[in-house]
Amino acid sequence: MKRPNIYFKDAPSGYTLCINNQCPKSSDCIRYQAYLTLPKNEKTIRVVSPSYAETNTESCAFHRPVQFKTLAYDFSKNFNNMTKIQEFSFRASGIQKFGRSEYYRLRGGEKGITPEGQEFLLNLAKQVGFETTSDQFFDRFTDVIDW
């Protein structure tokens with residue numbers, strides 16, 4: 001799977017950037033890497049104070065290594081292979097965990113499922129007696145930046 005590039009436009013709203021190009025950790029810091037793609041027309045940004053960044057290059061509390069997480073999408077196909085009792089129990093527990101509208105967005109692939117959510121759903125499938133693997137249970141996977 002191809003890893004996504006880091007772009008300022010993809011960062012969460014109000015994400016704190018770092019502008020310290022002298023930091024030895026800048027090549028692996030998502031805050032600095034996002035800063036490098038800052039559009040020229042951006043009027044305001046939130047940054048780590050330059051005076052803090054200059055004095056804390058080795059032990060910066062704001063250093064955030066570039067990391068990725070894999071989101072899974074769509075698990076609706078599994079209900080064709082579950083018994084009605086398995087499906088009912090699975091759906092009830094899924095709705096209790098995620099809420100009704102969120103559960104159906106995840107189920108239909110409208111929204112990505114975090115690694116924690118994937119683990120919950122696979123354990124839930126096992127609890128209701130539906131043995132499967134991650135690759136069989138979910139339709140597709142995408143790597144995203146873990147901001």
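Which side chains meet in a salt bridge at 3.3 Å, N to O? In this model, the partners are Lys9 and Asp10, where a salt bridge is a side-chain nitrogen of Lys or Arg within 4 Å of a carboxyl oxygen of Asp or Glu. Lys9 is exposed, at 65% relative accessibility, whereas Asp10 is partly exposed at 37%; here buried means under 20% relative accessible area, exposed over 50%, and partly exposed in between (1.4 Å probe, protein chains only).

The model is a predicted one, in which local features need pLDDT of at least 70 and side-chain atom pairs count only at pLDDT 80 or more, while totals for chains, interfaces and linings use all residues. Residues are numbered from 1 along each chain as its sequence is written, and side-chain values use heavy atoms, with hydrogens and water left out.

Turning to the overall fold, the protein chain holds 6 helices and 4 strands, arranged from the N terminus as β-α-β-α-β-α-α-α-α-β. These elements are DSSP runs numbered from the N terminus, helices being H or I of at least four residues and strands E of at least two. The chain is more spread out than a compact globule, because its radius of gyration is 20 Å, well over the 15 Å that the globule rule gives for 147 residues. That radius is taken over C-alpha atoms, and the rule is 2.2 Å times the number of residues to the power 0.38. Along the principal axes, the C-alpha trace spans about 60 × 30 × 30 Å. Buried residues make up 34% of the 147 residues. Of the contacts (heavy atoms within 4.5 Å) with a separation of 6 or more, 71% involve residues 24 or more positions apart.

Back to the charged side chains: the structure holds 7 salt bridges. One of them joins Asp146 and Arg64 at 4.0 Å, N to O. This pair links distant parts of the chain, 82 residues apart, with Asp146 in the segment after strand 4 (140-145) and Arg64 in the loop between helix 2 (50-55) and strand 3 (68-73). Asp146 is partly exposed with a relative accessible area of 25%, and Arg64 is partly exposed at 22%.

Another salt bridge pairs Arg105 with Glu102, the closest N and O atoms being 3.5 Å apart. Both residues lie in helix 4 (residues 100-108), 3 residues apart, or about one turn of the helix. Arg105 is partly exposed at 35%, and Glu102 is partly exposed at 21%. Finally, a network of salt bridges links Lys84, Glu87 and Arg91.
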